[in-house]
Amino acid sequence: MAYFEQYTTKKGEKLWRFKTYLGVDPTTGKEVRTTRSKFKTRKAAVLAEKQLALEFSEKGTLTKAPKDTFKDVYQLWYETYRQTVREVTSMKTERYMLTHILPAFGDCKIDKITPKMAQEAINKWADQLQIYKILHQYCIRVMDYAITLGMIEKNPFEKLIRPKVKKTHPEKEVKFYTTEQIQYVMNYLEEKIQHVPEHNLLYRYFAEWDIAMYRTLAFVGLRGGEALALTFKDIDFTNKTITIDKTLTLSRKGFVVGPPKTKSSNRTIPVDDKTIRILKKWQLRQKEMHFQNGVRNNDIVFSDMHGNYSNRQALYARSKRLAEATGLPNIGTHGWRHSNVSMLYEAGVDMKETQLRLGHATMAITNEIYLHLSDKQNVAAVEKLAKFANF
């Protein structure tokens, strides 16, 4: 049972506090009651009381305040935060915290962290890390949460000066294949199928898997996770479209199928005739080979030999081996998506249409890739001119 009341400080500021009964301590057998104060609103006090009640019900203990450390507050904040974002996002946040932020502030008392300490950390991160602004934002959010819980009154990470980022690493290059290189790879994969013995089911399976996968990546522009999550129900062979409404993502339990990266990633993409024919042929061949191998067909377009979802590491490894086999640069898996953009760019497709096909959240993302491609095309044009006018 909780009791909330408003009170006035000696400085005349109106704040809120609460008194609450949480239960019985399983170790001592004593009733656990606590009082917390310095909340700016009743809503903040109610939220803090609910958080304490949840903590006590889960752990059977009560975190003391305001002597909590930054790590204590982070852990409370993270339990709520992870339920509001995709699991892959929460995992990335946790990695940033464990790698950079907690080593700097984890053991510090939450009410003893000063703006000077915060600025020194920001300066250090800016000198070493491209992601320092992201770290800064996470620090702000944890300290804002501490304010909500009534542990501190001001956020020491606000109103800091963000130094100019030092480029410790060269700008990330947009990797892609040209139209000619894609054609070369497709020809290689088609010839490879002709040389694989029919009785070698494993090699045969993945030889035909490759031509279907890389044709789809190059001509439809899917993300690797989107392609791996595809089922044949997502392909409309009559109307020649592919619908994207899921992706294969990494979770704490391994790879799982979940919602796509953003709302704009949900889309239906028109597909060219040859890609549709290749996917239809692959559907029939996959069923045939799964039957030969005594495997249940789960309708997964790019399943492994056992009918289960393949994973992204395996797809990247295949992309690397394909590059080595063809003597081309390794562009990874995402480079094939950029290759699709390259062909759209060469074909004169405008950025808005490209954005919709690729499911980019904003035009800025598409524009950045187009700018990189434009630079590459200009260099290529100069080289062609030099070869033509060789005098």
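Contact here means heavy atoms within 4.5 Å. The structure is a predicted model, in which local features need pLDDT of at least 70 and side-chain atom pairs count only at pLDDT 80 or more, while totals for chains, interfaces and linings use all residues. Residues are numbered from 1 along each chain as its sequence is written, and side-chain values use heavy atoms, with hydrogens and water left out.

With that in hand, the overall picture comes first. The protein chain has 13 helices and eight strands, taken as DSSP runs (H or I of at least four residues for helices, E of at least two for strands) numbered from the N terminus. Of its 391 residues, 45% count as buried, that is, under 20% relative accessible area, with exposed being over 50% and partly exposed in between (1.4 Å probe, protein chains only). Among contacts between residues at least 6 apart in sequence, 62% join residues at least 24 apart. The accessible surface of the protein chain comes to about 22,400 Å², and carbon and sulfur atoms hold 54% of this area (Shrake-Rupley method, 1.4 Å probe; for residues, only the protein chains shown count as cover).

Glutamine 283 lies in helix α9 (residues 273-292) and is buried, its relative accessible area being 10%. Leaving aside residues up to four places away in sequence, glutamine 283 touches Phe232 and Phe237.

Lysine 154, by contrast, is exposed, with a relative accessible area of 70%. Lysine 154 is found in the loop between α5 (132-148) and α6 (179-195).
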